[in-house]
Amino acid sequence: MATLYIKNMCCPRCIQAVGKVLGDLGLVAESITLGEAVVEGDVSDNQYSRIRTELQALGFDLLGDPQMQLVEKIRTSIMEWVRMEGDRPNVSTFLQQTLNKDYSVLSKLFSAMRGITIERYCILMRVELAKELLRYSDKTVSELAFQLGYSSAAHFSAQFRHETGMSPSVFRNSKVDARKFLDEL
């Protein structure tokens, strides 16, 4: 069994794309999650090179460095946390439990490798998800605030305005589509 760590996976379509690449190369995936694929058997150097080439053509990267692998696990765990609905543990508790590492170690590594704190990254991810939900759902701002785990609609609105320069309602009604790809954050 071999584990491949893959950068830039951010959604179910990414998981499908990676699964197709592995299947096309004759590899059997035991499991594929955001940032990680476990395949049966060993992966030869030739197969690894072909996987890297195919994944890069789709905008993904294979990660060989253990520190970069952990940073990618942090990033994908944050994406899971952001997509949780309603009440959720704070991000530090969630990351410690998910990755079985002390939060201070995770935080220092993430900041050093990505140039942004985990807290700031979480805010950016929540705002990007909020933009998507504002654009494509009919939920009220209060419902979205709850879904995104904010303590109140006022807190959500204030943070959204700080990051985008407009309120959630103004964003929803505007024609501006200033969304960013989640894997580019």
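A cavity is a set of grid points where a 1.4 Å probe fits but cannot get out. The legends below refer to a predicted model.

**View 1. The largest cavity and its lining.** One cavity of 30 Å³ or more is found in a search of the whole structure. The largest cavity holds about 40 Å³ of space. Its lining is formed by Lys7, Leu63, Met68, Val71, Glu72 and Arg114. Three of the lining residues come from helix H3 (residues 66-83), the largest share. Three lining residues are nonpolar and three are charged, with no polar residue.

View 2. The Ser77 side chain reaches the backbone oxygen of Lys73 at 2.8 Å. Beyond its neighbours within four places in sequence, Ser77 contacts Phe94, Leu95, Thr98 and Leu99.

**View 3. The aromatic pair Phe110 and Tyr121.** The whole structure contains four aromatic pairs. In the pair of Phe110 and Tyr121, the ring centres are 5.3 Å apart and the planes are at 65°, so the pair is edge-to-face. Phe110 belongs to helix H5 (residues 103-114) and Tyr121 to helix H6 (residues 118-136), eleven residues apart. Phe110 is buried at 0% relative accessible area, and Tyr121 is buried at 1%.

**View 4. The aromatic pair Phe160 and Phe171.** This edge-to-face pair has 5.6 Å centre to centre and 70° between the planes. Because Phe160 lies in helix H8 (residues 153-164) and Phe171 in helix H9 (residues 168-173), the pair ties together parts eleven residues apart in sequence. Phe160 and Phe171 are both buried. Together with Tyr150 and Phe156, Phe160 and Phe171 form one aromatic cluster.

Definitions and conventions: Residues are numbered from 1 along each chain as its sequence is written. This is a predicted model: local features need pLDDT of at least 70, side-chain atom pairs count only at pLDDT 80 or more; totals for chains, interfaces and linings use all residues. Side-chain values use heavy atoms; hydrogens and water are left out. On a 1 Å grid over the protein atoms alone, a cavity is a set of points where a 1.4 Å probe fits but cannot get out, and a pocket is an open set with protein on both sides within 12 Å along at least five of seven lines; lining residues have an atom within 4 Å of a point. Grid points are joined across faces, edges and corners, and a volume is the space filled by probe spheres set on the points. Helices (H or I, at least four residues) and strands (E, at least two) are DSSP runs, numbered from the N terminus. Ala, Val, Leu, Ile, Met, Phe, Trp, Tyr, Cys and Pro count as nonpolar, Asp, Glu, Lys and Arg as charged, and the others, Gly among them, as polar. A polar contact is a pair of N or O atoms within 3.5 Å; within protein, one must be able to donate a hydrogen and the other to accept it, and residues adjacent in sequence count only if both atoms are side-chain atoms. Contact means heavy atoms within 4.5 Å. Rings of Phe, Tyr and Trp (its six-membered ring) pair if their centres lie within 6.5 Å; planes under 30 degrees apart count as stacked, over 60 as edge-to-face and the rest as tilted. Buried means under 20% relative accessible area, exposed over 50%, partly exposed in between (1.4 Å probe, protein chains only).
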